[in-house]
Amino acid sequence: MVFLTLSCWIRNRGPDRYWKVQEVLKHARHFRGRKNRCYSLAVRAVRRAFVYATKARRLKKRNMRSLWISRIAAASREHGMKYPALMHNLIKTNVQVNRQVLSNLAITEPRSFLSLAKLARARQEEGFRAALGDGKDPPGVLSRVFLQ
């Protein structure tokens with residue numbers, strides 16, 4: 001469409017503004033007060049809400065990770081291991097299971113989690129034996145690692 005004058009071009013943009021306003025007001029419908037009716041107030045409120053939504057998406061990931069870690073820590077304490085030791089030894093044994101799956105296993109399949117904990121415990125004891133060597137300390141050195 002070709003416009004010969006500026007006024008025709010500006011007049012043609014009218015309906016576009018209507019739809020832009022409706023889009024903003026659609027996002028602001030559930031707000032309280034004039035923010036859900038007045039465009040100038042709604043623009044600010046919607047922009048602020050979108051900023052909060054973006055921050056909340058990142059925060060949700062952080063909160064879920066801490067929830068998974070606390071669940072894994074509680075389940076690992078039931079089997080006599082601490083969380084950092086469990087994770088370290090699972091990584092050393094090349095178990096490629098992330099924290100989300102581990103927490104789900106701890107809740108829904110405790111026997112599977114128990115087998116993973118036993119695997120980590122075996123790796124930990126193997127590491128202790130390797131640290132001790134033949135079981136004898138060099139003369140004049142006291143070891144802090146004790147096997148029972």
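Predicted model: local features only at pLDDT ≥ 70, side-chain atom pairs only at ≥ 80, totals over all residues.
Residues are numbered from 1 along each chain as its sequence is written, and side-chain values use heavy atoms, with hydrogens and water left out.The chain holds six helices and zero strands, and from the N terminus on its elements run α-α-α-α-α-α. Here helices (H or I, at least four residues) and strands (E, at least two) are DSSP runs, numbered from the N terminus. Of the 148 residues in the chain, 22% are buried; buried means under 20% relative accessible area, exposed means over 50%, and partly exposed lies in between, with a 1.4 Å probe and protein chains only. The accessible surface of the chain comes to about 11900 Å², and carbon and sulfur atoms hold 57% of that. Such areas come from the Shrake-Rupley method with a 1.4 Å probe, and for residues only the protein chains shown count as cover. As for contacts (heavy atoms within 4.5 Å), take those in the chain with a separation of 6 or more: 39% of them join residues 24 or more positions apart.

Next comes the inside of the model. A nonpolar core is a set of buried Ala, Val, Leu, Ile, Met, Phe, Trp, Tyr and Cys residues joined through side-chain atoms within 4.5 Å. The largest one has 16 residues, and Ile 72, Leu 86, Leu 90, Leu 102, Phe 113 and Leu 116 have the most contacts inside it. Helix H3 (39-78), helix H4 (83-92), helix H5 (99-108) and helix H6 (110-132) each give two or more residues to this core. Apart from it lies another core, of nine residues, including Ala 28, Phe 31, Ala 42 and Val 43.

Now for H5 itself. Its buried residues include Leu 102, Ser 103, Leu 105 and Ala 106. They sit on the same side of H5 because they cover an arc of only 160° around the axis, the arc being that of the directions from the helix axis to the C-beta atoms. Ser 103 counts as buried at 0% relative accessibility. Leaving aside neighbours within four places in sequence, Ser 103 is in contact with Trp 68, Arg 71 and Ile 72. Val 101 is also found in helix H5, but at 39% relative accessibility Val 101 counts as partly exposed. From Val 101 to Trp 68 it is 33 residues in sequence and 8.8 Å in space, C-alpha to C-alpha.

Helix H4 has its own buried set: Tyr 83, Leu 86, Met 87, Asn 89 and Leu 90. Asn 89 counts as buried at 5% relative accessibility. Not counting residues up to four places away in sequence, Asn 89 touches Met 81, Ala 120, Arg 123 and Gln 124. Gln 124, for its part, is in helix H6 and is buried, with a relative accessible area of 18%. Beyond four places in sequence, Gln 124 is in contact with Met 81, Ala 85 and Asn 89. Gln 124 and Asn 89 are 35 residues apart in sequence and 6.2 Å apart in space, C-alpha to C-alpha. Just after H4, Asn 94 takes a positive phi of about 60°, although Asn 94 is not a glycine. Asn 94 is found in the loop between H4 and H5 and is exposed, with a relative accessible area of 60%.

The structure holds one aromatic pair, made by Tyr 18 and Trp 19: it is edge-to-face, at 4.9 Å centre to centre and 80° between the planes. Rings of Phe, Tyr and Trp (its six-membered ring) pair if their centres lie within 6.5 Å; planes under 30 degrees apart count as stacked, over 60 as edge-to-face and the rest as tilted. Tyr 18 is partly exposed, with a relative accessible area of 46%, and Trp 19 counts as exposed at 58% relative accessibility. Another ring, that of Tyr 52, has the charged end of Arg 48 sitting over it, 4.6 Å from its centre. A charge sits over a ring if NZ of Lys or CZ of Arg is within 6 Å of the ring centre and within 35 degrees of the ring normal.
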